Amino acid sequence: MKVPENDPTNPIHSNSLLLQSLLDSIPHTQSFKGKWSLIRTKLSILQSHLSDLSTAPINAFHNPLYNDLLLALSVTLKDAFSLSSICHSANPPEGKLKTQNDIDSVSAKIDNHVRDLEVLVKNGVLQENGAVSTNITSKRETIRAESRNLITRLQIGTTESKNSVLDSLLGLLQEDDKNVLIAVAQGVVPVLVRLLDSSSSPEIKEKTVIAIAKISTVDSSKHVLIAEGLCILNNLLRVLESGSVLGKENSCIALQALGHTKENARAIGSRGGISSLLEICQTGTPNSQAMAAAVLKNLAVFEEIKENFLEEDAIMILLRLSNSGTALAQENAISCLSNLISGDTNMKLLVAREGGIESIKNFWDSAPSVQSLEALVLMLRTLASCPSIADVIVDNEFLPRIVGVLNCGVLGVRIAAANAIYDLGYNTRTRKELGEIGCIPPLVRLTEGKSVEEKEAAASALSSLMIYAGNRKIFRKEERGIVNAVQLLDPVVQNLDKRHPVSLLTSLVYSKNCRKQMVASGACVHLQKLAEMEIEGAKKLLDCLGRGKLWGVFTRH
């Protein structure tokens, strides 16, 4: 049911009358005719929007958004009518300068009303308001309606009203991640980005960034933020450079999600983002330092922008943070360094020379959780690829530390530790030491893990350790050692580099008992398939097992 258009209580009717009176008055103006002609064009658009609104259901009449807009419009139209009457004279009584300023002010207000009514009509929030009030069947529909209403109100009205709407929106987003998904589906992201780009209010900018940051923490919404491209990046970087403390922290949270793509990483690097982030790492609050280091960690994986890091003396700044920041800041700084120096021997040597290994050792001994050790183990792997640094790592008693976390409950840490053992087992001395401190039993258990990555990391570490004869004796004592390794040969276990279990078993094939266990566990069937797939070493191992069978026949005869 619609409100009757000719009802005197209908605000659309009263505004239409005011608008028509103004249109009738404009042709009689004698001063500033050009400006009034432009206003007349705007009024025609306004008239069209009012006509569209007349189809709103009767429930819209009680919608505060509807009433507030039409009330503000009526005030503007009355002011404009009075002003047009003054301009019926060629010499306005209050002087031409003041009158011109008044006309410009009214014209700007009409622009705002045109834009606001256009948003109201396009969003259909008034139509929905009527439907939802009688047909709410679930909380989800309620949230959807509330989201649409808030999104509409963000696009219209004064700075003060938008500030209040942002408070309501933040409450909705922070209540439940499901609300975030609903708001994103209703189109909140482009509206927030436009608001961030256009608003001059520091308070609105801060709250808008907080809302964007919240959305960025919900994985299935990140792609919507990324789709906003350079516009959102540029605005977040401006907040990073000159925003409030809270604004900077939340800008970093959002940039963590956006910095995973090569294009965005390049854009951040070329627009001074790395410099701003490193500045926060030096002078920001403890929390903002951790957030900034997290963004830098993501960016440092891209080879194309590593030069931007070096230009800003990033290594020294990150090393200082790895010694003095909060636990999270230290962890992120170390992760960033690991990504940054990967593939560059000179940078690895610089980190080692400037106390990087000591920083890792200190943080390891005071780490708040096992989870945080993953960054340290990965850093050790990166450094260990340089032989001279690997010796220092071994001398600093890191081998027992790494072996100690093979039994921890965090998958990522176990995988990183097994890979580190592979990297550090680069000579007889370290292989012998690793075997003596008990790394083989836990590695055998890792080959039973559910994760293929964990199985492969354990198999590669064991294959390296078996080069030392003493470790082969230890391995043969493991009841499940051979059986687990044979199971890894099975082609059904996909995405695992079969060369590692082949190498591991090849190192043991000259033991009669080991050969028997391999054959009994079905190794020949798997190896036949791997040989057909031309997996390196598979045919040779199969031949060795075949000869072993013949040796057994000859022995019996």
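How many contacts beyond four places in sequence does the model have for residues 550-557, where pLDDT stays under 50? The model has 1 such contact for residues 550-557. This is a predicted model, and its protein chain averages a pLDDT of 89. The secondary structure of the chain comes to 34 helices and 0 strands.

**Confidence**

- A pLDDT of at least 70 is reached by 92% of the residues in the protein chain.
- Over residues 129-136, pLDDT stays under 50; for this segment the model has 9 contacts beyond four places in sequence.
- Residues 550-557 also have a pLDDT that stays under 50, with 1 contact beyond four places in sequence.
- Where pLDDT is low, the predicted coordinates should not be read in detail.

**Overall dimensions**

- The radius of gyration of the protein chain is 35 Å, whereas a compact globule of 557 residues would have one near 24 Å.
- Along the principal axes, the C-alpha atoms of the protein chain fill a box of roughly 125 × 55 × 35 Å.

**Packing and surface**

- Among the 557 residues of the protein chain, 49% count as buried.
- Of the contacts in the protein chain with a separation of 6 or more, 71% are accounted for by residues 24 or more positions apart.

**Loop residues with positive phi**

- Phe32 lies in the loop between α1 (11-25) and α2 (33-53). Phe32 is not a glycine, yet its phi is positive, at about 55 degrees.
- Asn495 is found in the loop between α30 (481-489) and α31 (499-506). Asn495 is likewise not a glycine, and its positive phi is about 60 degrees.
- Is Asn495 buried or exposed? Asn495 has a relative accessible area of 74%, and it counts as exposed because that value is over 50%.

**Aromatic rings**

- The structure holds 1 aromatic pair.
- An arginine lies over one aromatic ring: Arg401 is placed over the face of Phe398, at 5.5 Å from the ring centre.

How values were computed. Residues are numbered from 1 along each chain as its sequence is written. This is a predicted model: local features need pLDDT of at least 70, side-chain atom pairs count only at pLDDT 80 or more; totals for chains, interfaces and linings use all residues. Side-chain values use heavy atoms; hydrogens and water are left out. Helices (H or I, at least four residues) and strands (E, at least two) are DSSP runs, numbered from the N terminus. Buried means under 20% relative accessible area, exposed over 50%, partly exposed in between (1.4 Å probe, protein chains only). Rings of Phe, Tyr and Trp (its six-membered ring) pair if their centres lie within 6.5 Å; planes under 30 degrees apart count as stacked, over 60 as edge-to-face and the rest as tilted. A charge sits over a ring if NZ of Lys or CZ of Arg is within 6 Å of the ring centre and within 35 degrees of the ring normal. The radius of gyration is taken over C-alpha atoms; the globule rule is 2.2 Å times the number of residues to the power 0.38. Contact means heavy atoms within 4.5 Å. pLDDT is the predictor's confidence in each residue, from 0 to 100.
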